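Here is a short briefing on side-chain packing. Keep the model open while you read.

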Amino acid sequence: MEVTFLKIGIVGPKASCETTEKDLHYIDRNLEIRSYIGEQTAECGSVIGRCQQECDAVLFTGRAVEQYVVQNHDVYKPHTCISRSIISMAGAFLKMQKQGLALDAFSVDVIEPQVIEDILDGFQILANNIYSYPSPEDTDEAKYVCWHMSLQKEGRTNVALTSFQWVYRRLQEEGCNVIYLGPTRAMIRLALERLQNDMAINRAEYAQIASEILRLDNVQALEENYYSGMLQKTEIDQKVIRYTQSIQGTMFPVSRWEYMIFANAGVLRSQGNQNRLMELQREIQNQGLELYAGIGMGKTAYGAEINARKALNYSMSRHGRNRDIFWIDEHHVMNGPINREHTLRYQLISSDPKIMEIAEKTGLSATSILKIRTIIESRQSSIFDAHELADCLGITSRSARRIMNRIIDAGYGEVYAMDNGPGRGRPKMLIRIFSNLQTDKISVTSK
């Protein structure tokens with residue numbers, strides 16, 4: 001899938017940017033490239049805004065840089081990072097051999113554990129004194145410097161392998177043995193291919209239309225106090241208008257308490273929009289009101305609106321009324337809740353004969369069955385009690401017990417155990433759902 005970029009922005013330390021720019025020109029001389037320098041990870045956040053204004057896609061020189069910038073800034077352009085691969089580790093091992101250093105006593109940061117395991121297996125090395133700091137969540141490079149130094153000073157390692165230019169220079173200044181794991185041309189080529197694919201997908205998304213329906217709730221005080229309610233409602237209208245402008249959308253008031261917003265699908269799908277929408281929810285909640293939202297994508301405005309309405313209704317019907325936000329794409333797939341550590345993705349419409357057969361036997365809807373299958377795969381467990389199933393499906397415990405009984409009666413589950421627990425209340429029933437109600441076809445994502 002070939003895409004011609006107007007310009008690629010490289011974000012990272014100067015030395016890594018220079019290497020990446022040189023290799024990108026070697027791979028494709030038609031690329032226009034500009035570097036945006038941040039010697040430390042936190043500094044890269046200050047250049048991402050200018051990079052996105054001037055470029056069509058962003059290439060981060062490392063995984064830690066990408067993770068920090070994405071978590072702390074609105075990255076709305078197609079982006080990826082250059083991973084450190086087994087080739088980087090193999091190159092470091094060759095340098096260690098040339099320096100007469102043993103290969104079984106080193107510290108390494110921000111490298112996937114699987115890469116380390118593969119290189120050790122390839123060189124037939126036992127992991128006696130090998131220390132890995134794989135998580136890029138620490139953005140203070142000074143912590144990595146202290147970690148590498150302490151291991152060398154204690155005699156547990158004889159060399160540090162680092163993916164950070166800044167850490168590399170500091171360790172050199174401190175007199176430590178250190179090898180820099182720089183980006184390789186092979187991984188730069190793979191990163192460029194990912195960017196090309198993302199750019200093509202991004203253009204397709206931005207060609208689609210999306211709808212967002214916002215609904216105010218808990219509005220009794222506004223209705224009872226007419227004049228003060230009008231002033232507060234005007235203030236809320238202004239907040240919604242500012243939000244709409246921030247996503248370059250168009251807003252229509254559907255009723256006094258409901259707003260319809262149309263925008264590009266790529267914008268509404270973005271992490272930046274999700275953050276802005278959650279912030280709007282918090283601002284309105286601070287005024288004593290509730291804001292529910294549903295997002296829908298579609299090939300037509302009508303289709304997008306219908307999906308947004310379904311997503312809104314689903315959010316408002318969930319047990320607990322916690323204002324979770326869901327979105328339904330053009331393929332009728334429900335996604336959400338947004339900005340949660342674990343999100344579910346399941347089909348709303350199914351033509352699978354097996355699904356229809358299970359629905360008929362249990363008396364449940366195809367959507368409910370698909371939800372249950374998705375939740376089982378997400379939890380990696382098919383055993384539920386009524387409260388757990390209710391929490392997962394966003395329904396009451398009574399409704400969950402009815403579903404459990406229907407599943408058992410139809411032969412798709414069994415009573416796994418009964419737990420009386422403390423007190424004299426109703427015994428808690430655990431149900432195990434059989435594999436013939438489960439499937440490998442449901443897509444589940446975790447964020």
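A residue counts as buried if its relative accessible area is under 20%, and as exposed if it is over 50%. Asp23 comes out at 8%, so Asp23 is buried. The model is predicted.

**Asp23 and Arg185**
- Asp23 belongs to helix H1, which spans residues 14-27.
- The side chains of Asp23 and Arg185 are joined by a polar contact of 3.1 Å.
- Beyond residues up to four places away in sequence, Asp23 touches Arg185 and Ile188.
- Arg185 also meets an aromatic ring: its charged end sits over the ring of Tyr26, 3.8 Å from the ring centre.

**Val108**
- Val108 is part of strand S5, residues 105-109.
- Its relative accessibility is 0%, so Val108 counts as buried under the 20% limit.
- Residues up to four places away aside, Val108 touches Met89, Ile116, Tyr131, Ser132, Tyr133, Trp147, His148, Leu161 and Leu181.
- Val108 and Val178 are 70 residues apart in sequence, yet their C-alpha atoms are 9.9 Å apart in space.

**Aromatic pairs**
- A pair of aromatic rings is described by the distance of the centres and the angle of the planes.
- The count of aromatic pairs is five.
- One of them is Phe252 with Phe262, an edge-to-face pair at 6.2 Å centre to centre, with 70 degrees between the planes.
- This pair links distant parts of the chain, 10 residues apart: Phe252 is in strand S10 (residues 250-255) and Phe262 in strand S11 (residues 258-264).
- Tyr314 is in helix H14 (residues 301-317) and Phe326 is in strand S13 (residues 326-328), so the pair ties together parts that lie 12 residues apart in sequence.
- Tyr314 and Phe326 are both buried.

**Cysteines**
- A disulfide is a covalent bond between the sulfur atoms of two cysteines.
- How many disulfides does the model have? The count is zero.
- Cys17 is buried, at 1% relative accessibility.
- Cys176 is buried as well, with a relative accessible area of 12%.

**Nonpolar cores**
- The largest nonpolar core has 28 residues. Leu214, Leu216 and Leu277 have the most contacts inside it.
- Elements giving two or more residues to this core are strand S9 (209-217), helix H11 (226-246), S11, helix H12 (265-269), helix H13 (271-285) and strand S12 (290-298).
- Which residues is Leu214 in contact with, leaving aside neighbours within four places in sequence? They are Val240, Trp257, Glu258, Tyr259, Ile261, Leu277, Leu280, Leu291, Tyr292 and Ala293.
- Another core, of 23 residues, lies apart from the largest one. Ile358, Leu370, Ile375 and Ala390 are among its residues.

Key: Residues numbered from 1 in each chain as written. Predicted model: local features only at pLDDT ≥ 70, side-chain atom pairs only at ≥ 80, totals over all residues. Heavy atoms only, no water. Phe/Tyr/Trp six-rings, centres within 6.5 Å; stacked < 30°, edge-to-face > 60°. Helix = DSSP H or I, 4+ residues; strand = E, 2+ residues; numbered from the N terminus. Buried < 20%, exposed > 50% of the residue type's maximum accessible area, 1.4 Å probe, protein only. Lys NZ or Arg CZ within 6 Å of the ring centre and 35° of its normal. Disulfide = S-S within 2.5 Å. Core = buried A, V, L, I, M, F, W, Y, C linked by side-chain atoms within 4.5 Å. Contact = heavy atoms within 4.5 Å. Polar contact = N/O pair within 3.5 Å; in protein donor to acceptor, adjacent residues only side chain to side chain.
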